[in-house]
Amino acid sequence: MSSGPDEALWEQDSQWQQWKTAVRGFVGKLQLLELCGGTGSAYIALSKLLPAGTLQLAGHWDIDDELAHWLQVVHSDCSQIHLGTSAGDILAIDIDQFPKSHIIVAGPPCPPWSKLGRRESFDDKRSAVLWRVIDIVTHQARTGSLGLFVVENVESLTHRNKAAGGRAPVNIILEDLNSNLPSGWNVASVVCDSMDFGVPQRRNRVYIVGHSVQLFGPAAFTLPLPLTKQVSLNTLLERLPAAEKQASKNTEQQQQNLDDWKKLYKDLMLDTGSGTNSVAVVDISRTPSGRTAWSSKAMHPDLVECLTASGPNLHVFALGEGTGELSIDRRMTGPERAALQGFPPNLCKLAGNTAKDKRIIGNAMTVPVIGAVMATELVLLMDKADEDTISGWLDGKAAIYTYKQVYIHEVYMRST
């Protein structure tokens with residue numbers, strides 16, 4: 001991924017620049033495996049963090065074949081991309097057939113735990129995908145060169161769930177990992193909110209992170225440092241000509257809902273002396289008095305609630321300009337949704353306003369968040385491991401040596 005014109009605004013943040021400086025001495029070829037990889041947010045973030053030529057895609061799997069047009073822009077070589085309900089299904093492939101990697105990043109389906117679903121947890125057959133991810137991780141930790149993995153999912157994974165025996169599903173997953181990973185691994189989970197990492201979107205996600213102590217040191221992963229400044233929502237908005245502003249027509253119900261939202265925001269709309277260039281983003285498929293995941297009867301100026309695979313149907317309008325004709329009063333566009341997920345301009349241009357585009361963007365990992373997670377770990381690597389250790393890891397020697405030691409120890413324990 002190139003910089004300059006294709007640089008997202010959050011990349012200018014001083015904290016991100018500090019991370020880039022800390023890893024600029026990284027040499028070698030880092031192999032990344034993306035499972036349920038979606039838009040390739042992990043690859044995008046790592047390519048912006050690491051020196052040029054040091055990152056290689058080991059493989060990318062996802063059942064959504066409509067990601068092809070997106071990933072063709074992310075990757076110059078698409079030979080390692082596997083998409084569709086057949087080729088992209090990680091349940092249909094033997095575990096030892098996945099290419100060996102140094103880092104695995106996965107975003108398995110969230111409906112088993114999402115607040116918008118039935119929350120059937122491990123009773124939901126789709127949870128099998130998450131367990132396959134865990135099996136691939138533990139297999140590669142034992143037999144390959146894996147040194148780091150990240151599994152992302154909805155925050156509800158951390159909440160107690162009746163279908164999980166009254167426990168938080170994430171704790172069950174962590175126990176499984178600790179039981180099946182070889183010795184010398186440390187695993188933890190953290191919850192990150194996208195609004196703390198440079199973009200004006202409230203989006204909480206849990207990140208399960210495990211790393212080899214030999215490479216990253218004995219401390220468990222902790223919450224990444226936030227970026228120092230949030231890019232304003234107004235700055236991310238496109239400046240559309242009048243014709244495009246009127247491109248989408250509201251239904252009668254949508255217009256009534258929008259009028260209700262504007263009544264709720266009336267005081268902020270009339271606050272013409274603030275001069276803040278503030279805006280409101282509301283879901284016009286619902287009235288503010290209706291029950292919604294977007295917090296009914298709540299105002300959140302200059303902030304977008306969590307984007308989802310189904311939308312929502314968003315309308316943006318200016319505040320502080322009175323209640324007459326407004327400089328901004330229209331549907332939120334696809335490129336704006338993509339910018340809220342931290343994608344660079346060349347990818348934002350790909351995003352349309354269709355249900356497909358909303359699904360792809362809503363399912364994506366926020367780029368600066370997964371970037372902050374990976375940056376935190378790679379800075380640790382540069383600090384804790386010497387050049388020979390890193391070189392041995394990338395060449396496969398360090399992991400093979402560790403596995404042999406673990407295997408010998410386990411054989412000894414079983415025989416005594």
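Trp16 is buried, with a relative accessible area of 0%, where buried means under 20% relative accessible area, exposed over 50% and partly exposed in between (1.4 Å probe, protein chains only). This is a predicted model, in which local features need pLDDT of at least 70 and side-chain atom pairs count only at pLDDT 80 or more, while totals for chains, interfaces and linings use all residues. Residues are numbered from 1 along each chain as its sequence is written, and side-chain values use heavy atoms, leaving out hydrogens and water.

**Exercise 1.** Work out how Trp16 and Trp19 are arranged as an aromatic pair.

*Step 1.* Locate them: both lie in helix α1 (residues 14-22), 3 residues apart, about one turn of the helix. Helices (H or I, at least four residues) and strands (E, at least two) are DSSP runs, numbered from the N terminus.

*Step 2.* Recall some helix geometry: an α-helix has 3.6 residues a turn, so residues three or four places apart point the same way.

*Step 3.* Apply the ring test: rings of Phe, Tyr and Trp (its six-membered ring) pair if their centres lie within 6.5 Å; planes under 30 degrees apart count as stacked, over 60 as edge-to-face and the rest as tilted. The structure holds 7 aromatic pairs. For Trp16 and Trp19 the values are 6.2 Å centre to centre and 85° between the planes, giving edge-to-face.

**Exercise 2.** Classify the pair of Trp61 and Phe98, and say where its members sit.

*Step 1.* The ring centres are 4.9 Å apart and the planes stand at 65°, so this pair is edge-to-face.

*Step 2.* The pair links distant parts of the chain: Trp61 belongs to strand β2 (residues 55-62) and Phe98 to the loop between β3 (81-83) and β4, 37 residues apart.

*Step 3.* Both Trp61 and Phe98 are buried.
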